[in-house]
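Open the model in your viewer and keep the selection panel at hand. We will go stop by stop.

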Amino acid sequence: MPDATPRRQPAVTYDVAIVGSGAGGGMTAHALTRAGASVVMLEAGEMWDNTKDSAMFKMPYDSPRRGASTPERPFGEWDACIGGWQVPGEPYTKAEGTKFDWWRARMLGGRTNHWGRISLRFGPDDFRRKTLDGLGDDWPITYDDVKPWYDEVDKLIGIFGSIENLPNDPDGIFHDAPAPRYYEHLVKQTSDRMGVTCIPARLSIITKPHNGRAPCHFCGQCNRGCMTNSNFSSPNVLILPALRTGRLKLVTNAMAREVLTGADGRATGVAYIDKTTGEDREVRAKVVVLAASACESARILLNSRSSRHPNGIANQSGVVGKYLTDTTGTDVAGFIPRLVDVPRHNADGVGGGHIFMPWWLDNKKLDFPRGYHIEVWGGLGAPGYGFMGGIQNYPEGGGYGPGLKQQYRKYWGATVGFSGRGEMVPNAKSFCELDPEVKDRWGIPVLRFHWEWRDHEYQQVKHMQETFRALIAEMGGEVWSPMPTKEQGYGIANGGAIIHELGCVRMGTSERDSALDGNCRAWDCDNLFVTDGGPFVSQADKNPTWTIMALAMRTSAFITEQRKAGAL
Amino acid sequence: MTDISRREALQGLAAIPAGLALSPEMLERARAHVSDALGDQGTTPAARQAQPAAYVPKQFTPDEWRLVRLLVDYVIPRDATSGSATDAGVPEFMDFILGEYASNRTWMKDGLGWMNAECRRRFGKGFVSCTDGQRRELLDAIAFPRKAAPEVKAGVEFFNRFRNMTASGFYSSRIGVADLGYIGNRPVAKWEGTPPEVLKKLGL
């Protein structure tokens, strides 16, 4: 990148610079500002405030689009999250034969505006998989190291769930979980008969007043951003309180380019592009924390090259970008005759399932090594664009006229679907690296992805398909789609499709084979940390957000300790 | 609208506690659409009726527009419960969607063309000029994919999509939402779970 004009020299040196405002960045900013640090946060997208910007309570007819997606909101025009698998001006490339889709959120709060609030702790086994089955690697830390931080996250943010005493799905500090919807009662009864563990969901939605926030009012529109902040997203639960300390400087539309270092190799700040003007800028800080999402943080590290860090910072082992994983996923839905003509009632509930199935089987007795959990969907949700598409698949086989209207009425709410979300074992062929040619609109080298599922994942997804089909059959239902074949990968979603990328800035016990130590600190740069999904050593079948935040809080406590000791 | 849902909807709104941090504006919006879903005429000032006469389509030719307006009402006609697809503004919705989502233009235009061509093959005139009986004969041939003859495959595929889009537009309209009896997307003071009478009906 030619640098004809020198960057404007910043006047201030902050204690900490954070790149990214999602779960990891938000938590880091919250914890460090509370501990007295001055913090500057760079966010690549725009401001967002749920209390003002949310589309909560909009009815489908309030827009001529009826809730359909837009280029910047692939999950529908009222979805809070601005982003997608394609972001204008920010390309990425894929190696020959690779199927991988990279989601980016571009707004304050990042992906916490998008997710389903499923907030599962990793269990004790999830931190030591290599010890248990010889695959992948153990974490350098254990559940016991993280447990107190999970507790703190529960207390700060709030989560509902139920005490179950399951060995690898640790309980948290829970608000009461909402009672099941009608179809969830049926799924629960069916699961019980089939020996599938089915318990109340664990979502970061509060069901009683919590730290000044009002409880959930059960409008079912969490994904639009909650006007009352009754669910968790980073802006209103973490970043606004951080701003209120007066110690957080927020810079939006700031696209990070690289970590700046001094002659001694230590981080001195972050170079970024002001997207509103296209100009190069920088912030200076004593500590730099990357929380830009796993792959984006890997990209920033790989782009941070200097004589002291010729392969990129934190990358003396060459591991940055490697061992990229995503959650495995597949879905099956069916028509349940028993639910035809469901009496009308408000079945919205929270914006997510009220029940789920944690992994319930023993992999030693199966032909794949890791588990999955099951999410359940159905109900009488707000009609909108795409309403009951494919009416010809119901028993009448189609039609038109008054009889067709009757079909829509009686079959609405009679579909139940299952989504499997499973653990991928990290492998050497799934990774990202800098593309040698392609650059984004600001001239920053972009990522090139390589992806390969292995039999571990294919066999697991086959098991999901078989299980979901058996559940639907046991409910007396008919599955909509035929069982996908081996050639179709048993219906496995593309890498990146489930939006849980993890592990490409992994932590470890040695600087030879990991980027970070057990405190998420770069081995080769003692004032550089990563607090997003990058440090993960294994995927687990749990959604990663709660663990990202527990680790971010833990790392923030370590930074605070080191600062107090004068070491940072 | 069943008694359960009406009672629940009104109770739900009456019982919102002051502790819920909802602005008066949000509450009013919630009230407006609940009463709307309950069919309380006149409580929402917004125009209930589509104004087809004044509307000039941007994506359809005049001939296509006449065909679309006829066809949507064959799919979703007026009945004892609710109005028709044209009452609900479905043609205008389709015009908007085609304008915004270009991928829908080709199948729509090709399909409308197929409908006219098939009518000419069968009856010697376009769909709009056919009798009601002739139109129904064609619809019967394409509206049931499992029973349809292979030579009308193009018509079946078009009609599947056209019916989907008609349903999208109708059931997301005020008329359609009220027809379905959807009463959610509004604040509920206390989540009681599924009403016992619903569980009883479903045998759960």
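How many Å separate the centres of domain 1 of chain A and domain 2 of chain A? The centres, taken over C-alpha atoms, are 32 Å apart. Before selecting anything, note that this is a predicted model: local features need pLDDT of at least 70, side-chain atom pairs count only at pLDDT 80 or more, and totals for chains, interfaces and linings use all residues. Residues are numbered from 1 along each chain as its sequence is written, while chains are lettered from A and ligands numbered from 1 in the order in which they are written.

**Stop 1: the two domains of chain A**

Colour domain 1 of chain A as 1-56, 85-117, 120-158, 232-317 and 506-568. The contact between them takes 26 residues from domain 1 of chain A and 29 residues from domain 2 of chain A. Two residues are in contact if their C-beta atoms, placed from the backbone, lie within 7 Å.

Now look at the domain 1 side of that contact. Helix 2 (50-53) and helix 4 of chain A each supply at least two residues. Helix 4 of chain A gives the largest share, 6 residues. Helices (H or I, at least four residues) and strands (E, at least two) are DSSP runs, numbered from the N terminus.

**Stop 2: helix 4 of chain A**

Select residues 143-157 of chain A. The 15 residues of this helix should span 21 Å at 1.5 Å a residue, and the end C-alpha atoms are 20 Å apart, which agrees. The expected span is 1.5 Å times one less than the number of residues.

Show side chains for Val146(A), Trp149(A), Tyr150(A), Val153(A), Asp154(A) and Ile157(A), the buried residues of helix 4 of chain A. A residue is buried if 20 or more other C-beta atoms, placed from the backbone, lie within 10 Å of its own. What do they pack against? Their partners are helix 6 (234-244) and helix 10 (545-564) of chain A. Step on to Gly158(A), which follows helix 4 of chain A and has a positive phi near 95°.

**Stop 3: strand 16 of chain A**

Select residues 445-450 of chain A, which form strand 16. Strand 4 (residues 93-94) of chain A pairs with strand 16 in the parallel sense over 2 bridges. Strand 15 (residues 431-439) of chain A runs antiparallel to strand 16, joined by 5 bridges. Strands pair if DSSP finds at least two bridges between them.

In the hairpin of strands 15 and 16 of chain A, 5 residues lie between the strands. Gly443(A) there takes a positive phi near 85°.

**Stop 4: chain B against chain A**

Show chain B. It has 9 helices and 0 strands. Of its 204 residues, 39% count as buried. In chain A, buried residues make up 59% of 568.

Select the contact between the chains: 57 residues from chain B and 57 residues from chain A. Which helix of chain B gives the most to its side? Helix 7 of chain B does, with 6 residues. Colour the chain B side by class: 31 nonpolar, 15 polar and 11 charged. Ala, Val, Leu, Ile, Met, Phe, Trp, Tyr, Cys and Pro count as nonpolar, Asp, Glu, Lys and Arg as charged, and the others, Gly among them, as polar.

Note on methods:
Buried ≥ 20, exposed ≤ 12 C-beta atoms within 10 Å, placed from the backbone. Domains from an automatic or database assignment.
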